[in-house]
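Please open the structure in a viewer and keep the selection tool at hand.

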Amino acid sequence: MMMRKNIFFIFMHAICLCVVVKVQSQVTIPFFPDSLFSTYYHQRLTHFNTLPVGKDEIIFLGNSITDGAEWSELLGSVNIKNRGISGDITVGVLNRLPEIIRRKPKKVFLLIGINDLARNISPDSVVKNIILVAAILHQYTPSTKLYIQSLLPVNDVYKKFTGHTNKGAQIIAVNKQLQSMAGDHHYTFVDLYHSFCDEEGKMRASLTNDGLHLKGEAYLLWKHIIYPYVFDLQQRPSLLPLPQHLEWTNVVFPLYECSSIVVSDSIFRQQAFRLQSVLNAKGVVAGIKNSVDVKPYILLKKEITQSVDERDSEAYQLEVTGNHVVLSASTEHGIFNAIQTLQQLLRDGVMIDGCNIRDKPAFSWRGFMVDVGRNYQSLSQLKKQIEIMSLYKLNVFHFHPTEDIAWRLSINQYPQLTAPENMLRGKGLYYTEQDIQELITYCKDRFITFIPEIDMPGHSAAFKRAMKTDMQSDSGIHILQNILHEVCTTYDASYLHVGGDEVKIVNKTFLPEMIKYLESVGKKTIGWSPGGNLPVNTIRQLWMDDAGITSSASTTQYLDSRHLYINHMDPQESVVTIFKRQIGNRVEEDKNVKGGILCVWNDRNVASEEDILQMNPVYPALLAFAERSWKGGGQKGWSAIIGKPGTEETKAFAAFENRLLDQKKRVFVSLPFPYQSQSSYTWNFYGPYCNKGLLTRAFAPELNEELKDSSSLQVVGGTIILKHWWYPLIEGAIAHPAENTTWYATTNIWSDEDVPKDFWIGFYDFSRSTATDSPDEGTWDHRHSCIWINGNVIAPPVWKHAGQKGNLEVPLTDEGYAYREPTRVMMHKGWNKILIKLPVGSFKGKDWQNPVKWMFTCVPVR
């Protein structure tokens, strides 16, 4: 035994000597004789060596404290592997690094050193060995993210493991060094120590039964702390939309101990059942009670408040302390909203971060519109979108089932309206009375107002085919009145949208008479503006500016859908432009502006209904709109760019993007979410160079000539729109764009090793509403745009429909970067230079179906 101990100290001394000097670029993995390690150590290590290598493994590496957890069960992932060995020391970890390295894991969580201290190894030596572990992992598997966790506190109250529990001062010394050295040694430091400490700096007695090892509750606390590191989330739960007032505290609520949902008023009982279901999904079983009898508990509390406007009915407060969670509101809708926020706080399912929230919406109408007239969507897909709406507190579902392409709303009196022969696309697909009732109920259960639209008298070619008459004719009016009577008497919908735009009104009494009838049966009406001759009491939905409605002198209420048609938006652009804007040119609701509605008009035929969600940035844009319409604020005007590096607007967007991406990882794992992180990429622009209309002409940046001048412009983003196709209405990157010019953009992207990496690359985002011509074979676009990475030309895709004339009946397949296979590029270890050429000729497009889109997208796919 003495010989083994002496050998151990010799090796410790040797290891210390090799890391006294800062670790150099080449590090040799130390070799140790088997005799240094225990029988159990060798049993575990030989077992690890025989296990197969998995993909994206996350490894927990350490001693008995790590060994004691069922990590894959605790964190809910089969990719998480336990590589803890009871009794292990820093030298033992060094010895078994080859087994870790061969796996090339995605992440390693290391906790080691307490057993070294118990053998009276100095804190400095322990730290040096841990730093050597970090250096070896970085050299041999540089893409692996290393998280070094602090040593845990100990407690001598149990009089056990006295060689360990008397090392409180040494533990602190190790932790301080590890924390201070993280930035220079390629690891992230995770502070477990302070969360496990009591007031005296010892491990909380409730977390251990021997002063060193952990009980089950301690592993739950550990899970809570490391959860964001394991799943690449922000340190605090990413609430979206962000509450009006949010204050974090340093306490946590032990959700795993909660067994009671207390209801203070019977009107909240239904919401208590909803919350109970939410908790059950997290593995928490809580009964519903009328009074507090045990702590910790969750309380649904009736708040008596004076309502000032419609928004107050959605207001709520949420308080999380160490022994209770209180959700308070004056209405059931307010409690529902509080539950949606609470769901986001429940991310790890074991503990809730302490906070105080006071919240209500800036706008009372926060809507989402689907066009199911042109392209039918199944009830299941519609319900999923409604469910997502409710999670993010959107409250208006605008349903557009009648179009030129097809009439998809069943009318008992006129079955020919939904006959297959009268549809041009998706023949025979329509919504029965039962379907609509089901959607209305589904919406109502989530406090969402269902608003059906019967477009009149425009967009009614399907009506004309079926009924053999025009809507504005006497016979057409009679039929439409019968239709409206059936719809109004069949469905419980307070509002009916009458459309009214994009049509020549030949009968000036048509719209006033239809609206007069709807109002006579108790319905409120909405219509598009600019549009037909709508009466003043009809709410307008703006699809473009209408000075008569938006002027300060107007008394007409309106909803904003201007520049909110995401079928025209690039996926990366959509999140930027929606987040930065104001709703209705206001920071919050007033007597005229009630809110806004985000719209998806997929005019083009689709191969499958899922394409609507993948080719249009439905969910990313929906979340950006939920944020802006609930939070209010925003900037005046419309912009398609994030901004310049370091500015407040760029920082604000980056903070929002972090919350958005957390939602993508948590909620949209199995749903289309076409968006990639872009706020960390800065592009340097060089130009303009006059190309005299010769778009292939080469200039200094691509000729490897020295650039005498620094870049004239810096812009942050993954999609950069130089000149928006609706300029000057929407701001692009170039303040004063000029025809017949060429710009170049450059950036550098880091890679930890030589590895192929996927990119979204594109130079023209196809609107899903125009019959745009496909690029010619061998080109990225019709502007001769080019991209080089590390001097190598990146070839465009082999287009499936190269050179095809635009046709709305031919579904898109690979024209957009978000729905084709990413471009795979070989990256070199270190910095990789990207150069993009962006020529433009005339700003006048071939026709309105082919607008000039001077833009590019280049962003790594994560």
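Of the 862 residues of the protein, what percentage count as buried? The share is 58%. Please bear in mind throughout that this is a predicted model.

**The whole protein**

The protein has 24 helices and 32 strands. Its radius of gyration is 31 Å, close to the 29 Å that the globule rule gives for 862 residues, so the protein is as compact as a globular protein of that length. Along the principal axes, the C-alpha atoms fill a box of roughly 110 × 75 × 50 Å.

Now display the surface. Turning to contacts with a separation of 6 or more, 77% of them are between residues 24 or more positions apart.

In soluble globular proteins, nonpolar side chains tend to be buried together. To view an example, select Phe397, Phe399, Trp407, Met456 and Ile483. These residues touch the most other members of the largest nonpolar core, which has 88 residues. Helix H23 (residues 618-631) provides the largest share of this core, namely eight residues.

Next, centre the view on methionine 456. Which residues is methionine 456 in contact with, leaving aside its neighbours within four places in sequence? They are Met471, Leu480, Leu484, Val498, Gly499, Gly500, Phe510, Leu511 and Met514.

Another core, of 77 residues, lies apart from the largest one. Leu61, Trp71, Ile114 and Met203 are among its members.

**Aromatic rings**

A pair of aromatic rings is described by the distance of the centres and the angle of the planes. How many aromatic pairs does a search of the whole structure find? The search finds 36.

Select tryptophan 365 and tyrosine 495 as one of these pairs. Their arrangement is edge-to-face, with 5.0 Å from centre to centre and 85 degrees between the planes. This pair links distant parts of the chain: tryptophan 365 belongs to strand S13 (residues 365-371) and tyrosine 495 to strand S16 (residues 495-497), 130 residues apart. Tryptophan 365 and tyrosine 495 are both buried.

Then move to phenylalanine 399 and tyrosine 431. This aromatic pair is edge-to-face, at 5.2 Å centre to centre and with 75 degrees between the planes. Here too, distant parts of the chain are linked: phenylalanine 399 is in strand S14 (residues 396-400), while tyrosine 431 is in the loop between S14 and helix H16 (433-444), 32 residues apart. Are phenylalanine 399 and tyrosine 431 buried or exposed? Both are buried.

**Charges over rings**

Select arginine 446 together with tyrosine 442. The charged end of arginine 446 sits over the ring of tyrosine 442, 3.6 Å from the ring centre. Arginine 628 lies over the face of phenylalanine 579, at 4.7 Å from the ring centre.

**Details of the backbone**

Show the backbone atoms for the following stops. Between lysine 295 and proline 296 there is a cis peptide bond, with omega about -5 degrees. Proline 296 is placed in the loop between strand S8 (287-289) and strand S9 (297-302). A cis peptide bond also joins serine 529 and proline 530, with omega about 0 degrees. Proline 530 is placed in the loop between strand S17 (524-529) and strand S18 (539-542).

Phenylalanine 161 is not a glycine, yet it has a positive phi of about 45 degrees. It lies in the loop between strand S4 (145-149) and helix H9 (162-165). Lysine 692, also not a glycine, has a positive phi of about 50 degrees. This lysine is found in the loop between strand S22 (682-690) and strand S23 (713-716). Why does lysine 692 count as exposed? Lysine 692 counts as exposed because its relative accessibility is 69%, and exposed means over 50%.

**The last stop**

Finally, select threonine 823 in strand S30 (residues 823-827). Threonine 823 is buried, with a relative accessible area of 13%. Not counting residues up to four places away in sequence, threonine 823 touches Lys757, Asp758, Phe759, Ile761, Trp780 and Ile794.

How values were computed: Residues are numbered from 1 along each chain as its sequence is written. This is a predicted model: local features need pLDDT of at least 70, side-chain atom pairs count only at pLDDT 80 or more; totals for chains, interfaces and linings use all residues. Side-chain values use heavy atoms; hydrogens and water are left out. Rings of Phe, Tyr and Trp (its six-membered ring) pair if their centres lie within 6.5 Å; planes under 30 degrees apart count as stacked, over 60 as edge-to-face and the rest as tilted. Helices (H or I, at least four residues) and strands (E, at least two) are DSSP runs, numbered from the N terminus. Buried means under 20% relative accessible area, exposed over 50%, partly exposed in between (1.4 Å probe, protein chains only). A charge sits over a ring if NZ of Lys or CZ of Arg is within 6 Å of the ring centre and within 35 degrees of the ring normal. A nonpolar core is a set of buried Ala, Val, Leu, Ile, Met, Phe, Trp, Tyr and Cys residues joined through side-chain atoms within 4.5 Å. Contact means heavy atoms within 4.5 Å. The radius of gyration is taken over C-alpha atoms; the globule rule is 2.2 Å times the number of residues to the power 0.38.
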